Amino acid sequence: MSCSLIGAAPLPPVVCPAGGPVGSVDLRVTSAHGGPEALPLRTINRLEEGDTLHYKPLLRSGEQRKGDVSFVLVPANPAAAGEKLLVLQPKAANKPQQWKTPWRVAVVAFVYGPSGLDTKKVRNFLSRDDELVAQLADYAEKTAQTEALISALSSPNSSAAAVQSALQGFSSQYGLNVQLDRTASPNQQAMTLFRTLNPAIASYDPITPQVSQQVGQTASLATSVATLFFGSPVGLAAGGTAMLLELRSVAFPKAEFRSSFAQSMPGDGLGLCGRRDAAAPHTRVAYLWATRVPNAGPPLMTVEKGNSLPAGVKSPVPVSVAEPEWKNVDRVRNWSLIPETGKAIPITVQRLADVKSLELDLIQNVKPGHYSLAANWDWDHFQLKGGVDVRPLGDFTHVRPTAASQDLLVARTGKVPITLAGADFEFVTKVEIEKAGDKFATPAPVPFILPAGLRHGPQDKIDVQVNTIDMEPGQYRLLMTQVDSKAHPVNLKILPAPPRIDNLPVLLNQGATRIDYRLRGQRLDLITRLEVAHGKAELGPASDPNSRAVSLTMGPGIEPGTGLTAKAYVEDRSEPLTYSDAVRIVGPLPRVTEVRVTQPPDQDVQLEPGELPGGVYLSAMVRVTHLHSNGVLRLTCEQSGSQTISFKLGERSGPLSLQQLAPGQLFLSFDASAWVSGCNLQVTVANGHEGESEPFPMGRIVRAPRIERFEPLIETAADGAYRATITGQNLETIEQVGWSAESASPVTALPLPLAGDATRQSLVVQMPAPGDPPGSLWVWLRGEAKARATRVRP
């Protein structure tokens, strides 16, 4: 039967964080019941009567192993064994040795004396000390915790969870009341613990930015643990110094016992480390390493929820197990994943004592699927209840906010809860956000919630909360980190505030099917499409964010009083903005059917049909259909930029008035001097805000002169021409004069105001003498080619 698994490969040196190498050994156990292989003593769970303890020196090239080795055994049942402790016969350390166990063993200690071991008077002294067995058992427990912490601190492959678990175990084993913050880094937790043990380590800086310094400091932590184990100024020696003095005086006279702990070697070998300083004269040094044997069956464990794991990453799996059995899980060997079909896959498993979880180190080539967990308990094979589901890490290439969430991401609105979709988010551990394209941006943390929880199976959505209070519109990136500590960017767009329309509703009169309208508001250029119930909307160019033309074409038969909803589709938004009562159907438009203007009876200059005298008060009769009580009449020129004068029904101001004589019949008095000559005056009627009638022409304003007198002058011109003086108003409008429509004489003088009455003028004209009988005077107004007859005769 083979009793060693150490291969022929060169043996690596033992690296001790404190003290020095004592030697490498292979300690194993073979079963009296014919187990298939020799198992490491370090993890043996049942050491029965008749089992064999095997020792083998592991030597490097040129190394020699001097001295003796032995085992100290503590029985599981001292009453049945008839003794409390047994020291086995020392044997030469330079070759393989073996010993039979006389009964079931609870604690086994390996003793190595480089200068030999003297066992005289041992048995006589063993019966004198009742505390020795308890001390040896306590020493074995604390040795195991110390080795676990040193291994976690020394290994570059240890996860944060594994280091944290080892720290918690070390602290509790030594009875230290140290509060460790689980949210802090493992290095910071270690410093909290070690500062309690030894203030001399307080200079360690766990957050140093230098990687090389971090590595050195982590090594110094392991050194501190080892130094404390061997004995320190605060008296910590793994349960240790007092017990070793007792063991030296009772079991091995003239021997200085020194603590040792084991470093793992290839093939389950042990590299022992201990103090190597010189001993007192005439004193033999002996090194002791101990381990407890639980003598229990395999732990009954059930895998709990949170058992969805990614391949290639160390992940914790929560388990339920009785507390006494949980302490022995570190002794389980040969862990493996059992697929539903196929061969078992060996894996590495670490007990996380403080959270009652197993840390599984899954290799990259573990295929997705459901697996059972199995392992060995000594020579027996057992399997956990339940299992684990191996899944790939989430691929965030196509992750986007849901449509409804994207619409909520508006700049400077505060904390916005949104939902992301497009991947399996079950392994997300951290979310941050940063401005895209900003090289100096610092990622900000983003709160998030997984619907089912971390490692609780596929989750195709994740809820995050983005605080947009200080964000400008633009492109951002969410950095989503999974359990592999790699951040994956997810594009995110922060939107500007939505468009605002200030001049709704659009009023559409019954019977009208089309209206051209100009929207007023803010950010109207963001609108890409406009829809209106029972009609169609055509948007104009988006050249102005504050103004936008729109043409509405509505279906027939919509009753007055109906309010129609409009939907505005906005750039980068999935859902439209809804405007209720955006288009309101009102009564039919008023319509002007007739306008009759009364001309002044004493008009000096003849006006053509359709012309209105300027500068005078006029009256008109206006007929209107669909007129409401809130109607307004407006007068304005057809030409743009002219003055508009409005009259409300029943309004009267001096000679200005608008009165309703009968339904649909209005009497209007107005001052025509408000408009310049040449204005094509037109009238419209509006029923409040419900629409305005089409313009109805009233006539063309003509600012004609008013001639009061025509007086010939006695003196004649040098050429004998006829000269006269015209007195009146608006004489500046006369460009030519004559006695017929065919004979025109230009007016070269300008009118002068009369003294004492600036409203009246006088104008001197020169023209041929009138005929016989004399005819009436004709005038040509400025800008006109056709003569106008007057009532003036010479």
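Some ground rules. This is a predicted model, so local features need pLDDT of at least 70 and side-chain atom pairs count only at pLDDT 80 or more, while totals for chains, interfaces and linings use all residues. Residues are numbered from 1 along each chain as its sequence is written, and side-chain values use heavy atoms, with hydrogens and water left out.

Salt bridges, then. By that I mean a side-chain nitrogen of Lys or Arg within 4 Å of a carboxyl oxygen of Asp or Glu. Searching the whole structure gives 29 of them. Here are some.

Take D26 and R28. Their side chains form a salt bridge, with N to O at 2.9 Å. Are these two residues buried or exposed? Both D26 and R28 are buried. Buried is under 20% relative accessible area, exposed is over 50%, and partly exposed lies in between, with a 1.4 Å probe and protein chains only.

Next, E48 and R104. This salt bridge has an N to O distance of 3.1 Å. It links distant parts of the chain, 56 residues apart. E48 is in the loop between β2 (39-40) and β3 (52-58). R104 is in the loop between β7 (97-100) and β8 (105-113). Strands here are DSSP runs of E, at least two residues, and helices are runs of H or I, at least four residues, numbered from the N terminus. E48 has 18% relative accessibility, so E48 counts as buried. R104, at 40%, is partly exposed.

Now D581 and R584. The closest N and O atoms of this salt bridge are 2.6 Å apart. D581 is partly exposed at 28% relative accessibility. R584 is partly exposed as well, at 32%.

There is also a network. Salt bridges link E611, R700, E784 and R788.

On to aromatics. A pair of rings is described by the distance of the centres and the angle of the planes. Rings of Phe, Tyr and Trp (its six-membered ring) pair if their centres lie within 6.5 Å; planes under 30 degrees apart are stacked, over 60 edge-to-face, and the rest tilted. How many aromatic pairs does the whole structure hold? The search finds seven.

One of them is F71 with W99. The centres are 5.1 Å apart and the planes stand at 80°, so this pair is edge-to-face. F71 lies in strand β4 (residues 68-75) and W99 in β7, so the pair ties together parts 28 residues apart in sequence. Both F71 and W99 are buried.

F710 and W739 make another edge-to-face pair, with centres 5.7 Å apart and planes at 85°. F710 sits in β48 (residues 706-712), W739 in β50 (residues 734-740), so parts 29 residues apart are tied together. F710 is buried at 10% relative accessible area. W739 is buried too, at 14%.

Back to F71 and W99. Together with Y55 and F110, they form one aromatic cluster.

Rings also meet charges. A charge sits over a ring if NZ of Lys or CZ of Arg is within 6 Å of the ring centre and within 35 degrees of the ring normal. The charged end of R351 sits over the W326 ring, 5.4 Å from its centre. For R529 over the ring of Y569, the distance is 3.8 Å.

R529 stands opposite Y569 in β36. β33 and β36 (residues 563-570) pair antiparallel over five bridges; two strands pair if DSSP finds at least two bridges between them. The open sheet has four strands in the order β31-β37-β36-β33, with mixed pairing. Which are the edge strands? They are β31 (506-509) and β33 (527-532), each pairing on one side only.

Last stop, a second open sheet. Its four strands run β22-β23-β27-β26, with antiparallel pairing. The edges are β22 (400-401) and β26 (448-449). Look at β27 (residues 461-467). Two bridges join β27 to β26, antiparallel, and V464 is the bridge partner of F448. With β23 (residues 415-421), β27 pairs antiparallel over seven bridges. There, Q465 is the partner of P417. The covered face of β27 holds I462, V464 and V466. Its uncovered face holds K461, D463, Q465 and N467.
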